[in-house]
Amino acid sequence: MPSLNITFTDEELEAVRAAAAADGKSLKQYVHDLPLREQQRLQFVRYALSWGEHQRAEFDEAFPDEAPPSARNEGVDAA
């Protein structure tokens, strides 16, 4: 099975150990799970953004005074 050596400073390693302990996992399992959780988080965020875009017209119709469309478009371009 492939493996990976990762270098941490003493402070970084202590922070990762503390996070693993807080999560109730071994250091090895915690570091293994991090990229998988990040992939799931990014997938969730992409879906949530897509869902929000599909609901935008309905929201604008229901709450016309909440945010003008021009102001909302500026934020989307910045993201």
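The structure is a predicted model. The protein chain contains three helices and zero strands, and from the N terminus on its elements run α-α-α. Of the 79 residues in the protein chain, 8% are buried. The accessible surface of the chain comes to about 7,100 Å², and carbon and sulfur atoms account for 58% of that surface.

The packing of helices comes next. Two packed helices are described by the angle between their axes and the distance between the axes. Helix H1 spans residues 10-22 and helix H2 spans residues 27-62. Their axes come within 9 Å of each other and cross at roughly 95°. Angles of 65 to 115 degrees count as roughly perpendicular, and H1 and H2 are therefore roughly perpendicular to each other. On the H1 side, the contact is made by Leu13, Val16, Arg17, Ala19 and Ala20; on the H2 side, the residues that meet them are Leu27, Tyr30 and Val31. The residues of this contact divide into seven nonpolar, no polar and one charged.

The charged side chains form a further set of interactions. The count of salt bridges comes to five. Among them is the pair of Arg37 and Asp23, whose closest N and O atoms are 2.9 Å apart. Arg37 lies in helix H2, whereas Asp23 lies in the loop between H1 and H2, so this pair ties together parts that are 14 residues apart in sequence. Asp23 also meets Lys25 in a salt bridge, with an N to O distance of 3.9 Å. How exposed are the residues of these two pairs? Arg37 has a relative accessible area of 31% and is partly exposed. Asp23 is likewise partly exposed, at 37%, and Lys25 counts as partly exposed at 29% relative accessibility.

Another salt bridge joins the side chains of Arg41 and Glu38, at 2.8 Å from N to O. Both residues lie in helix H2, three residues apart, which is about one turn of the helix. Arg41 counts as partly exposed at 42% relative accessibility, and Glu38 counts as partly exposed at 34%. Elsewhere, salt bridges that share partners join Asp23, Lys25, Asp33 and Arg37 into one network.

The segment before H1 remains to be considered. Leu4 lies in this segment. Is Leu4 buried or exposed? Residues over 50% relative accessible area count as exposed, and Leu4, at 68% relative accessibility, therefore counts as exposed. The C-alpha atom of Leu4 is separated by 10.0 Å from that of His32, although the two residues are 28 residues apart along the chain.

Notes
Residues numbered from 1 in each chain as written. Predicted model: local features only at pLDDT ≥ 70, side-chain atom pairs only at ≥ 80, totals over all residues. Heavy atoms only, no water. Axes fitted to C-alpha atoms, helices over the stretch in contact; angles between N-to-C directions. Helix = DSSP H or I, 4+ residues; strand = E, 2+ residues; numbered from the N terminus. Parallel < 35°, antiparallel > 145°, perpendicular 65-115°, else oblique. Contact = heavy atoms within 4.5 Å. Nonpolar A, V, L, I, M, F, W, Y, C, P; charged D, E, K, R; others polar. Buried < 20%, exposed > 50% of the residue type's maximum accessible area, 1.4 Å probe, protein only. Areas by Shrake-Rupley, 256 points an atom, 1.4 Å probe, with all protein chains shown as cover. Salt bridge = Lys/Arg side-chain N within 4 Å of Asp/Glu carboxyl O.
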